[in-house]
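Here are my notes for you, written as numbered points. Have the picture open while you read, and take the points one at a time.

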Amino acid sequence: MIFVTIGTQIPFDRLIEILDRIAPELDEEIYAQALRGKYKPKHFKLIDFIEPDEFEKVFAQARLIVAHAGMGTILSALRNSKPLVIFPRIASIGEHRNEHQRATALMIKEKNYAYVATNEKELRELLHMDLRPLKKIGEFASESLVKSLKDFIDFNV
Amino acid sequence: MKRKVMAVASIGGHWIQLQRIARPLEEYYEMVYVSTRPKCAAMVEGKNYYLATDFSRSNAWKLIPAFFRQLNIIRKEKPDAIITTGAAPGLICVFAGWLLRRKTIWIDSIANVNHLSLSGRIAALFVSRVYTQWQHLATAKIHYSGDIFG
């Protein structure tokens, strides 16, 4: 099962349309959490919002996560050691308020923590592959960062 | 008695990054949280939570009421230090904190790969310490000690 999640603030028609075109080529269920936009997919349903515990369950069951480049989703996928494909929203075509998703996607690509697709061709290629998770992370930030903060906060008090 | 640290961030990616930094600090400090949506309080149950006025460059005039609100929050809680991952509400908070002589720390977002954010560069003018989450952006003044991924 491929779990698609695009956040709860704004629809993401471009990605949903692309997935709808690719879906019949895949022999796999698509579970999509997405706000309804103008486009209604033919090959899978859209679910506006999933409660946190249901979200965790679906996440755990998924073979692969396809998501917008939201920090929360990325961190969840990496904590759960799931292969993740991120598809950044583009602000200039109204998909978000600013281009931070583009920046996040570049950053993730830089670190090689997840797969990144920016168009139908790239996404199709990735979805036809058997992707492995690229990175697993823990619950917290680097111990060295936390220690540095603690030392600085305690210093000279 | 534990020292008190105020952790501030706008909702979304900044807040999520802040959680990964502030949670491990809860072991050492009494943490107080500030963000821009009431629902964030549920994520830090048991801790004092304050709502900050949200604003950005597009409605920059809001920084004035935001500033006074932050001033009041800091005066009430009297934190020993204030940490923030941004964005603009975080900047206003550490500015208010600086005026009130608190220790202030700016942690630039992980998404800023090529250079420190504009808010980060402004914060660098007055905060006690600035962190970047990228080694190549570290300088004598901008510290790198790791990132939110761990």
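1. Let's start with a pair of helices. H2(B) and H3(B) cross in a right-handed way. (A crossing is right-handed if the near helix is turned clockwise from the far one by less than a right angle, and left-handed if anticlockwise; helices are DSSP runs of H or I with at least four residues, strands are runs of E with at least two, and both are numbered from the N terminus.) Before you go on, bear in mind that this is a predicted model, where local features need pLDDT of at least 70 and side-chain atom pairs count only at pLDDT 80 or more, while totals for chains, interfaces and linings use all residues. As for labels, residues are numbered from 1 along each chain as its sequence is written, and chains are lettered from A and ligands numbered from 1 in the order in which they are written.

2. How do those two helices sit? H2(B) covers residues 63–77 and H3(B) residues 88–99; they pack at about 55 degrees with their axes 9 Å apart. (Axes are lines fitted to C-alpha atoms, for helices over the stretch in contact, and angles run from 0 to 180 degrees between N-to-C directions.) That angle makes H2(B) oblique to H3(B). (Under 35 degrees counts as roughly parallel, over 145 as roughly antiparallel, 65 to 115 as roughly perpendicular, and the rest as oblique.)

3. Which residues do the touching? From H2(B) come B:Leu63, B:Ala66, B:Phe67, B:Gln70, B:Leu71 and B:Ile74, and from H3(B) come B:Pro89, B:Ile92, B:Cys93, B:Ala96 and B:Gly97. (Contact means that the C-beta atoms, placed from the backbone, lie within 7 Å.) Sorted by class, this contact of H2(B) with H3(B) has nine nonpolar, two polar and no charged residues. (Ala, Val, Leu, Ile, Met, Phe, Trp, Tyr, Cys and Pro count as nonpolar, Asp, Glu, Lys and Arg as charged, and the others, Gly among them, as polar.)

4. Now step back to chain B as a whole. The C-alpha trace of chain B spans about 40 × 40 × 30 Å along its principal axes. A compact globule of 150 residues would have a radius of gyration near 15 Å, and the 14 Å of chain B agrees with that. (The radius is taken over C-alpha atoms, and the globule rule is 2.2 Å times the number of residues to the power 0.38.)

5. How much of chain B is buried? The figure is 51% of its 150 residues. (Buried means 20 or more other C-beta atoms within 10 Å of the residue's own, exposed means 12 or fewer, and partly exposed is in between, with C-beta atoms placed from the backbone.) Of the contacts in chain B between residues at least 6 apart in sequence, 55% join residues at least 24 apart.

6. B:Leu125 sits in the loop between H4 (118–123) and E6 (129–132) of chain B, and it counts as exposed, with 9 C-beta neighbours inside 10 Å. B:Gly12 belongs to the loop between E1 (3–8) and H1 of chain B, and it is partly exposed, with 19 other C-beta atoms within 10 Å.

7. Most peptide bonds are trans, and most residues other than glycine have a negative phi. B:Gly86 and B:Ala87 are joined by a cis peptide bond, with omega about -5 degrees; B:Ala87 is in the loop between E4 and H3 of chain B. Over in chain A, A:Ser81 has a positive phi of about 55 degrees without being a glycine, and A:Asn112 likewise has a positive phi of about 55 degrees and is not a glycine. A:Ser81 is partly exposed, whereas A:Asn112 is exposed.

8. Finally, where do the chains meet? The contact takes 23 residues from chain A and 26 residues from chain B. On the chain B side, H1(B) gives the largest share, eight residues. H6(A), residues 143–154, and H1(B) have axes that come within 10 Å and cross at roughly 60 degrees, in a right-handed crossing. A:Leu145, A:Val146, A:Leu149 and A:Lys150 meet B:Ile21, B:Pro24 and B:Leu25 there.

Terms used: Contact = placed C-beta atoms within 7 Å.
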